[in-house]
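Open the model in your viewer and follow the stops below. Each one gives a selection and what to find there.

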Amino acid sequence: MKIWVDADACPVAIKDIIFRAAQRTQLTTTFVANHTLRVPASPYLHFVQVEQGFDVADNLIVVRADAGDLVITQDIPLAAEVIEKGCHAINPRGERWTKENIGARLNIRDFMETMRSSGVQTGGPPALNQRDKMAFANALDRILAKA
């Protein structure tokens, strides 16, 4: 198993949890972003900077991730694509996306996008809190323990 992180919008606190988990499990972990990101020096932690552009980081993850890998992302369409490949997917709040729930999540996302494009103010998700960080750490540990 390898870990792939859609790092463009990944919160710093979540990155820190991932850094520690990669060291502990000695799993190759790659952070992909279109801006510079500093990762601790480690043989298990890697950073790939991609060009600016819509879905460039997502596309790289989809191409390089293999069945059984873990992808950490807030991007629901990216999660859907890697799940189709047989990857595990979780978001920074610890929600695990599966074949059973990703379709409904895509539908909700598309509906909300339609609302926003028609001028409705939908707001964003609440700020990441301690409970969210704990939920993420627990979800990550459960997946890594099974690997």
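Start at helix 3, residues 76-84. Its buried residues are Ile 76, Leu 78, Ala 79, Ala 80, Val 82 and Ile 83. Buried means under 20% relative accessible area, with a 1.4 Å probe and protein chains only. Helices (H or I, at least four residues) and strands (E, at least two) are DSSP runs, numbered from the N terminus.

A word on the source: this is a predicted model, where local features need pLDDT of at least 70, side-chain atom pairs count only at pLDDT 80 or more, and totals for chains, interfaces and linings use all residues. Residues are numbered from 1 along each chain as its sequence is written, and side-chain values use heavy atoms, leaving out hydrogens and water.

Now select Asp 75. It caps the N-terminal end of helix 3, with a side-chain oxygen 2.8 Å from the backbone nitrogen of Leu 78. Next, pick Gly 86. It sits just after helix 3 and has a positive phi of about 95°.

Return to Asp 75. Along with Asp 6, Asp 55, Asp 58 and Thr 73, Asp 75 lies nearest the centre of the second largest pocket, which 23 residues line. That lining divides into nine nonpolar, five polar and nine charged residues. Show helix 2 (56-64), helix 3 and helix 4 (102-117): each supplies at least two lining residues.

Finally, zoom out to the whole protein. Select helices and strands: there are five helices and six strands. From the N terminus, the order is β-α-β-β-α-β-α-β-β-α-α. The C-alpha trace spans about 45 × 30 × 30 Å along its principal axes. Colour by burial: 39% of the 147 residues are buried.

Methods:
On a 1 Å grid over the protein atoms alone, a cavity is a set of points where a 1.4 Å probe fits but cannot get out, and a pocket is an open set with protein on both sides within 12 Å along at least five of seven lines; lining residues have an atom within 4 Å of a point. Ala, Val, Leu, Ile, Met, Phe, Trp, Tyr, Cys and Pro count as nonpolar, Asp, Glu, Lys and Arg as charged, and the others, Gly among them, as polar. Buried means under 20% relative accessible area, exposed over 50%, partly exposed in between (1.4 Å probe, protein chains only). A polar contact is a pair of N or O atoms within 3.5 Å; within protein, one must be able to donate a hydrogen and the other to accept it, and residues adjacent in sequence count only if both atoms are side-chain atoms.
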